Amino acid sequence: MAVLRFLSALFFLIALVALAADATPLLAGEFNIHMTPAYQRWSEIAPAVLASAEKSLASNKLEWLWGSVILPLLSLPAFALFGGLALLSGYAGRRRREIKVFVN
């Protein structure tokens with residue numbers, strides 16, 4: 001559970017950095033908001049990793065997974081994708097309360 005809470009914090013940090021990168025031109029005086037998709041960010045940062053991920057799915061006969069599941073997720077803005085991942089992993093890694101049930 002601690003690993004999921006750590007991943008949640010890491011995803012949230014990535015989401016904040018992506019949001020700051022998208023909001024910087026707005027703060028500089030430009031009034032057009034352009035939210036960069038996660039696919040474009042990934043292709044700018046590590047194009048070889050992106051190509052190898054797509055190629056590995058294609059070689060394992062899972063090209064339908066790339067086209068119908070992963071690519072639509074990567075078309076979301078980067079801050080929204082990583083914010084959603086932070087929420088999901090934070091919810092999955094939350095501390096649970098122990099409930100004592102007494103039966104008479």
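Helices (H or I, at least four residues) and strands (E, at least two) are DSSP runs, numbered from the N terminus. This is a predicted model: local features need pLDDT of at least 70, side-chain atom pairs count only at pLDDT 80 or more, and totals for chains, interfaces and linings use all residues. Residues are numbered from 1 along each chain as its sequence is written, and side-chain values use heavy atoms, with hydrogens and water left out. Helix 2 gives four residues to the lining of the largest pocket, the largest share. The structure holds one salt bridge.

**Largest pocket**

- A pocket is an open set of points on a 1 Å grid over the protein atoms alone, where a 1.4 Å probe fits, with protein on both sides within 12 Å along at least five of seven lines.
- Lining residues have an atom within 4 Å of a point.
- The largest pocket holds about 200 Å³ of space. That volume is the space filled by probe spheres set on the points, which are joined across faces, edges and corners.
- Helix 1 (2–27), helix 2 (38–45) and helix 5 (78–92) are the elements that give two or more residues to this lining.
- The lining consists of Ile14, Val17, Ala18, Ala38, Arg41, Trp42, Ile45, Ala46, Leu74, Ala78, Leu81 and Phe82.
- By class, the lining has 11 nonpolar residues, no polar ones and one charged. Here Ala, Val, Leu, Ile, Met, Phe, Trp, Tyr, Cys and Pro count as nonpolar, Asp, Glu, Lys and Arg as charged, and the others, Gly among them, as polar.

**Salt bridge**

- A salt bridge is a side-chain nitrogen of Lys or Arg within 4 Å of a carboxyl oxygen of Asp or Glu.
- Asp22 pairs with Arg41, and their closest N and O atoms are 2.5 Å apart.
- The pair links distant parts of the chain, with Asp22 in helix 1 and Arg41 in helix 2, 19 residues apart.
- Asp22 and Arg41 are both buried. Buried means under 20% relative accessible area, exposed over 50%, and partly exposed in between (1.4 Å probe, protein chains only).

**Nonpolar surface patch**

- Phe6, Leu10, Leu13, Ile14 and Val17 form a nonpolar patch on the surface.
- Together they have about 460 Å² of accessible area. Accessible areas come from the Shrake-Rupley method with a 1.4 Å probe; for residues, only the protein chains shown count as cover.
- Patches are made of residues with over 30% relative accessible area and no salt bridge; like charges are joined within 9 Å, nonpolar side chains (Val, Leu, Ile, Met, Phe, Trp, Tyr) within 5 Å.
- Ile14 lies in helix 1. It counts as partly exposed because its relative accessibility is 33%.

**C-alpha separations**

- Phe12 sits in helix 1 and is partly exposed, at 47% relative accessible area. Its C-alpha atom is 5.7 Å from that of Gly83, 71 residues apart along the chain.
- Gly93 lies in the segment after helix 5. With a relative accessible area of 0%, Gly93 is buried.
- Ala53 belongs to helix 3 and is partly exposed, at 21%. Ala53 and Trp66 are 13 residues apart in sequence and 9.2 Å apart, C-alpha to C-alpha.
- Leu50 is placed in helix 3 (residues 47–59). Its relative accessible area is 5%, so Leu50 counts as buried. From Leu50 to Glu98 the C-alpha separation is 43 Å, at 48 residues apart in sequence.

**Backbone at Lys61**

- Lys61 has phi near 60°, a positive value in a residue other than glycine.
- Lys61 is in the loop between helix 3 and helix 4 (63–74).
- Lys61 counts as exposed because its relative accessibility is 65%.
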